[in-house]
Amino acid sequence: MVRFNARAVALTGALMIVPAVAGCGYNTIPTKQERAEAAWADVQSQYQRRADLIPNLVATVQGAAIQERTTLTDVINARARATSVNVSADDLDNPQAFQQYQEAQGQLSGALSRLLVTVEAYPQLQANQNFLTLQSQLEGTENRIQIARRDYNEAVRDYNTTLRTFPQVIWAKTLHGGSQPMQLFTATAAAQSAPQVNFNLNAPTANASAPGGGAPAVAPGATPPAQ
């Protein structure tokens, strides 16, 4: 009888502890960590989609035999760097690894923007449906990258704040002692903004008949071509 009562008391105590622990936010930290990691997976997916579009873009531009080989080479090299730098969910609290990833992706964004502005001077590309389709897909992908980065930053800010606030800070220093603040995207908006190119096929251009003969028009907010 005594043994039965002891087991009953232990079971009752366990049943009371479980909701108490849950109510104190024990599960909050891992839940928000998973949310941030899921947002990071979306960021990587969008960046990978952009990388997958670039080979076709390069092939299309090369087929038009444009003179600006430097800008093409810059895009190819920047893509190689961007795809070689990987950050897993386990590295999101590593400032050095995260910074390298940001810089590599930012360099690719800049190289793409310069290329798209430069080839505006080539009417054969402006009339190439394959090129226009790729350019549109890249712009859409850049916009999705911006949204994914924003959602990731919001999830990380929420997670990082949780690690510092009561009562979760107790769990962060005890049972979740391995939890560390995650890194945020801090690159400038210009480095990650979608390339802005004005493809006005109906308006005549002063340098349409002489590729490279004049400076291509740069849309507001776009990165000017390298000199």
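Buried means under 20% relative accessible area, exposed over 50% and partly exposed in between, with a 1.4 Å probe and protein chains only. All views show a predicted model, in which local features need pLDDT of at least 70, side-chain atom pairs count only at pLDDT 80 or more, and totals for chains, interfaces and linings use all residues. Residues are numbered from 1 along each chain as its sequence is written, and side-chain values use heavy atoms, with hydrogens and water left out.

View 1. Helices (H or I, at least four residues) and strands (E, at least two) are DSSP runs, numbered from the N terminus. The order of elements from the N terminus is α-α-α-α-α-α-α-α. Of the 227 residues in the protein, 38% are buried. Contact means heavy atoms within 4.5 Å. Among contacts between residues at least 6 apart in sequence, 82% join residues at least 24 apart.

**View 2. Helix α3 (residues 69-84) against helix α4 (residues 95-118).** The two helices pack at an angle of about 160°, and their axes are 8 Å apart. That makes α3 roughly antiparallel to α4. Axes are lines fitted to C-alpha atoms, for helices over the stretch in contact, and angles run from 0 to 180 degrees between N-to-C directions. Angles under 35 degrees count as roughly parallel, over 145 as roughly antiparallel, 65 to 115 as roughly perpendicular and the rest as oblique. The crossing of α3 and α4 is left-handed, a term for a near helix turned anticlockwise from the far one by less than a right angle (right-handed if clockwise). Residues of α3 in the contact include Leu-72, Val-75 and Ala-78, and those of α4 include Leu-108, Ala-111 and Leu-115. By class, the contact of α3 with α4 has nine nonpolar, four polar and three charged residues. Ala, Val, Leu, Ile, Met, Phe, Trp, Tyr, Cys and Pro count as nonpolar, Asp, Glu, Lys and Arg as charged, and the others, Gly among them, as polar.

**View 3. Ala-78 in helix α3.** Ala-78 counts as buried because its relative accessibility is 1%. Not counting residues up to four places away in sequence, Ala-78 touches Gln-107, Leu-108 and Ala-111.

**View 4. Helix α2 (residues 28-63) against α3.** Here the angle is about 160° and the axes are 11 Å apart. That makes α2 roughly antiparallel to α3. α2 passes α3 in a left-handed crossing. Among the residues that meet are Ile-54, Pro-55 and Val-58 in α2, and Leu-72, Val-75 and Ile-76 in α3. This contact of α2 with α3 divides into eight nonpolar, two polar and three charged residues.

**View 5. The largest nonpolar core, with 48 residues.** A nonpolar core is a set of buried Ala, Val, Leu, Ile, Met, Phe, Trp, Tyr and Cys residues joined through side-chain atoms within 4.5 Å. Residues with the most contacts inside this core include Trp-40, Leu-57, Phe-131 and Tyr-152. Elements giving two or more residues to the core are α2, α3, α4, α6 (129-164) and α7 (168-172). Leaving aside neighbours within four places in sequence, Tyr-152 is in contact with residues including Trp-40, Val-43, Phe-98 and Phe-185.
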